[in-house]
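Hi,

Here is the structure I promised to pass on to you. Have a look at it first, and then read on for what I found.

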Amino acid sequence: MSHHFLDVAGLCFAYPDGTEALNGVSFRLEHGESVGLVGANGAGKSTMLLALAGLVLPSGGTVNVGGTILARNTVGEIRKRMGFVFQDPEDQLFMPTVFDDVAFGPLNQGLSVPEVSSRVRESLEGVGAAHLSERPTYRLSGGEKRAVAIATVLSMLPDILVMDEPSSGLDPKGRRLLIQLLKKFTHTRLVATHDLDLVMEACSRTIVLHEGKVAADGASREIFENAALLERCHLEPPLCMQGKC
Amino acid sequence: MGRVEPSLFSSTSDPGIDQANRPDPRAFWVVTFAFVLTVTSFGKYEISRLTPLFFYPVTIGTLYGVSARALLRKAFFALPFVLLVGLFNPLLDRQVLLEIGGYSLSGGWVSFFSITMRSMLAVTSAILLAMTTPFDRLCLGLEKMRVPRVLVTQLQFLHRYMFLLRGEALRMVRAHDLRAQGNKPRIALSTAGSMIGLLLLRALDRATRVHRAMLVRGFDGEVRVLHPLRFSWSRDGGFALGWILYFVLVRLVNLPEWLFGWVVGR
């Protein structure tokens, strides 16, 4: 049985001021699935991702990553299996050089130096950023930062990739490269984004969040053809379905 | 930004600086510590005996490409604090110590100059340490010298936080200036108050996000790096020993007096 699944059941979370961000969210991702998580601002996408990585502790419900239930004592194990790419790559890159940053995760996993070096090399090659290895992270362009941020996660060999707004701040070419990269990955992927065209290209399935609940879950094309659903959830069909591209 | 600036203002090493040809940070720490110890060991009326100590910042600055201007500009920020320390000496100590060309100089003024000189020497040596060695290597050096890891990690976080704070401040000031009036917009006191509060909140938010990014990649309180330090006894040991011997010499022998006597004697 594959350990690369993600099962979320009845997840609830409320912020200290009482705002209910998640209100009984349930879904399951199978091995190798690429799923888009869409919704209007404040729908609960980012909170959802934080809860998956145990960065905020849900007030109810369960997160099951490959058979391990998220709890205080399993959060380390969960984070080993789940690669989390943050919305702002600036937040993700904190080490002196690209190499050090990509090596940060594997070193924390206790790998040997040759193993870490080879993982860093492979991850950077995987995102087409091998030439940036010795560069300081603060001197990279937006697209380069995004590629390196993804490599920092790939180097930990995660079973599941979770990405928050991966295409934000990218130029068209950078975005195109990202889509190609996402298509190339064989990991189970969950991509939270407002870029519905990206979802159409890179995700076969889409989950729509609305007011902290799953409003719809199904094939991306079917979801984006449902005008009433999109209207209700403050969304619009992707540009490619509006005949604008 | 200048060639050596990133080692002071960012948590990154400048690729333009070849660290392989620089002394090991442990040697640099030891030399800087010995220098500060030597500087502070002189009496409060010593001025001329301090002058040979200027050889250290001048040599290090020249060897490692730190311009005097950049060094002095940074040292200038410490000057108000230095002046404040010795400010009352001329008022409290009025006993005449020196007579130069009919002018008398009180002990207070001599000690004031001595304090200023010693403080600036100590400050410039610390700045040189930061400008010639990237912060992460300095921290690694401390860790190798068995400074408690928790303290080193705190230093790394503090440094990173300063960087975040600076970034957020720059963004806020830019946003303010774009909507303010005039060519050189000034931040009103009332606006500055709320901006500082907001700045702290924003920087804390950002720091939380960075911390989260570290947590999801297995951070457990220790920052591990792959580039181990290599201490070469011939290069780094020689560097440290050479400078320490020089500081001992300056401390034990009145070099300016000896040099003066030697020149006059000839």
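Domain bounds here come from an automatic or database domain assignment. For chain B, that assignment gives domain 1 (1-146 + 232-266) and domain 2 (148-225). The centres of domain 1 and domain 2 of chain B, taken over C-alpha atoms, are 31 Å apart.

Before the rest, some housekeeping. This is a predicted model, in which local features need pLDDT of at least 70 and side-chain atom pairs count only at pLDDT 80 or more, while totals for chains, interfaces and linings use all residues. Residues are numbered from 1 along each chain as its sequence is written, chains are lettered from A and ligands numbered from 1 in the order in which they are written, and side-chain values use heavy atoms, with hydrogens and water left out.

Now to the contact between the chains. Contact means heavy atoms within 4.5 Å, and 32 residues from chain A and 27 residues from chain B take part. Between them the two chains bury about 2700 Å², 62% of it on carbon and sulfur atoms; buried area is the accessible area (1.4 Å probe) that two parts lose on being put together, summed over both. There are three salt bridges between chain A and chain B, each being a side-chain nitrogen of Lys or Arg within 4 Å of a carboxyl oxygen of Asp or Glu. In one of the salt bridges, A:D101 joins B:R217, with the closest N and O atoms 2.8 Å apart. On the side of chain A that touches chain B, α3, α4 and α5 of chain A each supply at least two residues, and α4(A) gives the most, with nine residues. (Helices are DSSP runs of H or I, at least four residues, and strands are runs of E, at least two, numbered from the N terminus.)

Helix α4 of chain A (residues 98-108) deserves a look of its own: 11 of its 11 residues are buried, meaning under 20% relative accessible area (1.4 Å probe, protein chains only). Among them are A:F99, A:D101 and A:F104. The buried residues pack against α3, α5 and α6 of chain A together with α10 (189-215) of chain B. After α4(A) comes A:G110, with a positive phi near 80 degrees.

Finally, chain A has an open, antiparallel sheet of four strands in the order β2-β1-β4-β5, where two strands pair if DSSP finds at least two bridges between them. β2 (20-29) and β5 (68-69) of chain A are at the edges with a single partner strand each, so one side of each has no neighbour in the sheet. β4(A) (residues 60-65) pairs with β5(A) over two bridges, and A:V65 stands opposite A:T68.

Best wishes

Note on methods: Buried means under 20% relative accessible area, exposed over 50%, partly exposed in between (1.4 Å probe, protein chains only).
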